[in-house]
Amino acid sequence: MWQKMVSEKTEAIIASSFGMALEWYDFFIYTFVATVVSKLFFPSANPIASLLAFYLTFFIGFLGRPLGGILFGYLGDKLGRKYSLVFTILLTGFSVFFVGLLPTYYQIGLLAPILLAILRFLTGVALGGEWGGAFSLTSEYVNPKWRGLYSGILQATVSIANLLASGIIFIIITMMGQTGFNNFGWRILFYTGLAIAIIGLVIRLRIEDSPVFRKLREERKIVRNPISEAFRKYWKLILANLFIVGIINGAWYYTNFAYSIGYATTIAQRFNMPHVSLQVIDFAIFLVSVIGIFASIFFGYLSDIIGRRTQIIINAVIGIILAYPYYYLLLQGNELAAIGAIFLGGLLIYYFAGAITPAFLVESFPPTVRYTAISFSYQVGVGVIGGLAPFLLTYLVSATNDVFSPVYFTIVTGIIVLVLALLLKETKGRVYEGEEILKQEY
């Protein structure tokens, strides 16, 4: 029985990892090609205007995520985690693939950005159910005392996907040149998404649902309506967690891995500031992603020792302190300074707590409403706060004519995380009804 459990757990982690990798791969490639695709789908004499339009469709993808979180969260809490995860990875794979097939504005006019927005929305719906399901499934297979470690392992897929996306871009540009990448090479990135989805689907069809969910189903403890149950009993906790993950996993994450690309290149150039090339930022993200794989696992393990709440508090303080140095380094026009900024943003502002927010969320809610509650918290938080971040930061710079205005945004959001974390209780070691079975594992 022990060997069987270990085998099931391993398969569940692998199955979850493929879906997570696809989720992040999709959003990485979309942000990495921002300066290229924005000109093809939103042509304008003003490059910042093109970026704003592009970031708006980026946000549209996030609008679908809360819907997906509620829909698939309900199905996952009602019918099973595996049931939802099979559909989410299929919808994601095909939505990403069809983006690569889209004709540009120059070929079909206004219909091009409209179709792009629709596909982004569908991708968002699918991904909205992916994250909560992957972490619900994994957390209900592992011993609660090691949830931070496994949270870090799953979050390492963020770096793996980042590494994969930036690596493929680097190879394509090397082989085809920047012109070839701009004309067709960027489409190859989206085609590969379907291949990842197919592999993930095959693995997911092989796994069993989590032992915790199976136990709840056998004992007839599945709640009639997970949505109403979650919001009736835990609405305050959902709201607090929404802001914490929305800032750390959303705003701060997309600032470093998405907004920084346009900020250090297009925006810096527009304000006659020293700027670096797209390849430099892409290389920096590539490097920090390699280190991030190990950093996520280490920070996850660290939270099993010092606690999730403590780690989030420390992360908030670091984010506030490094706000100005981060943007200052990006505008030096120096390759080493830009790479240093991406490293600071990746390791100390995002990975430090971003690696453990999944464990923090799953421990905040019981298994009966877990998929629904964490999906809503994460998807609305990351969708609204994170999805709007690149657009808001670009707009702030344009409206204030102050290239350092994003510094204030980072400081304010850091204060919000700090206050909320201080008000919440520690979640490390929390075990709910139905999870006692997990303690029998090593």
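Which residue forms a salt bridge with K233, and how far apart are the closest N and O atoms? The partner is E229, with the closest N and O atoms 3.0 Å apart. A salt bridge here is a side-chain nitrogen of Lys or Arg within 4 Å of a carboxyl oxygen of Asp or Glu, and by this rule the count comes to 10.

Before you go further, a word on the basis of these values. This is a predicted model, where local features need pLDDT of at least 70 and side-chain atom pairs count only at pLDDT 80 or more, while totals for chains, interfaces and linings use all residues. Residues are numbered from 1 along each chain as its sequence is written, and side-chain values use heavy atoms, with hydrogens and water left out.

**Around E229 in helix α9**

- Helix α9 spans residues 226–270 (helices are DSSP runs of H or I, at least four residues, numbered from the N terminus).
- E229 also forms a salt bridge with R232, and the closest N and O atoms are 3.1 Å apart.
- R232 sits three residues from E229 in the helix, so about one helical turn separates them.
- K233 and E229 are four residues apart in helix α9, again about one helical turn.
- E229 is buried at 17% relative accessibility (buried means under 20% relative accessible area, exposed over 50%, partly exposed in between, with a 1.4 Å probe and protein chains only).
- R232 is exposed at 57%, whereas K233 is partly exposed at 47%.

**D304 and R308**

- D304 pairs with R308 in a salt bridge whose closest N and O atoms are 2.9 Å apart.
- D304 is buried at 11% relative accessibility, and R308 is buried at 0%.

Technical notes
Helices (H or I, at least four residues) and strands (E, at least two) are DSSP runs, numbered from the N terminus.
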